[in-house]
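Some labels given to parts of a structure rest on cut-offs. The turns below set values against those cut-offs.

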Amino acid sequence: MVEALGERLEAREPVDRAAVLEALGGALARGIEPGDPATLAARLERAARGPDRPLAARAIDALARWGGAGGEHARPVVLALAGPGPAHRRLPALRALAAFDDDDARARLREALGDERTEVRLAAATALGEVGRETDVPALIDLAREGAWPASAGAAFALARLARREVRPEGLAEGLCAVLSRRDAHTRANALVGLAALGARCADRGPETYLGAAHAPPVRAAAARWLGRLGGRDAEARL
């Protein structure tokens, strides 16, 4: 089945390649291994590097699903696509690395976190929320505090995700408290969610600070969650 789908990707007759890639990704995600994985990886890489951008994104998704299911031939292809290159290939590849919990994926994401393009930093930060380690926290805090939006929101989201994954180095709570000084609602809301996950308090402010009508709904909802986590029984009533 997988081999037949792979062959159809490069068939000369008219083929719905988007449907083929969707079926292929589903089969690979279920652990159905091809008889010739190297050939399939090469075919998917050619599709990912092709001129059709929607098909390229689908090919990268199929590679990610394959790699997430343990397909070793998919990993080097996704790592290569996540390196410097056109954004329409690099961004989905960086996001796909969230499925690869290994040192090579983390190294590529850390490299991208320092890229000058905000959208690249956003994709890298978000993926690090899934596979990052304690050593990634300082860089994510810096991006959440000082980076341009929406990368700052992505970094704050990653910090909250790390907290929920029990990756909680010393300084994480203090860093999230510092991120609350950001004015954009989604960065602030994500920091509040992270504090709720930690059950931590800030020295100079509490969740009540962000429950007022002057704050955006995402901020108020996250503040209510934080208040509830700290034992505020009237959290929902305060909204």
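Q: Why are D103 and R106 said to be separated by about one helical turn?
A: In this predicted model, D103 and R106 lie 3 residues apart in helix 7 (residues 103-113), and therefore about one helical turn separates them.

Q: What makes the pair D103 and R106 a salt bridge?
A: The closest N and O atoms of D103 and R106 are 3.1 Å apart. The cut-off is within 4 Å, so the pair counts as a salt bridge.

Q: How do you know whether D103 and R106 are buried or exposed?
A: D103 has a relative accessible area of 58%, and exposed means over 50%, so D103 is exposed. R106 has 5%, and buried means under 20%, so R106 is buried.

Q: Why is R168 called partly exposed?
A: R168 has 31% relative accessibility.

Q: What makes D184 and R182 buried?
A: D184 is at 17% and R182 at 15%. Buried means under 20%, so both labels follow. The side chains of D184 and R182 meet in a salt bridge at 3.3 Å, N to O.

Q: Why is helix 2 called roughly parallel to helix 4?
A: Helix 2 (residues 17-29) and helix 4 (residues 53-68) pack at an angle of about 10°. Angles under 35 degrees count as roughly parallel, so the label applies to helix 2 and helix 4.

Note on methods: Residues are numbered from 1 along each chain as its sequence is written. This is a predicted model: local features need pLDDT of at least 70, side-chain atom pairs count only at pLDDT 80 or more; totals for chains, interfaces and linings use all residues. Side-chain values use heavy atoms; hydrogens and water are left out. Axes are lines fitted to C-alpha atoms, for helices over the stretch in contact, and angles run from 0 to 180 degrees between N-to-C directions. Helices (H or I, at least four residues) and strands (E, at least two) are DSSP runs, numbered from the N terminus. Angles under 35 degrees count as roughly parallel, over 145 as roughly antiparallel, 65 to 115 as roughly perpendicular and the rest as oblique. Buried means under 20% relative accessible area, exposed over 50%, partly exposed in between (1.4 Å probe, protein chains only).
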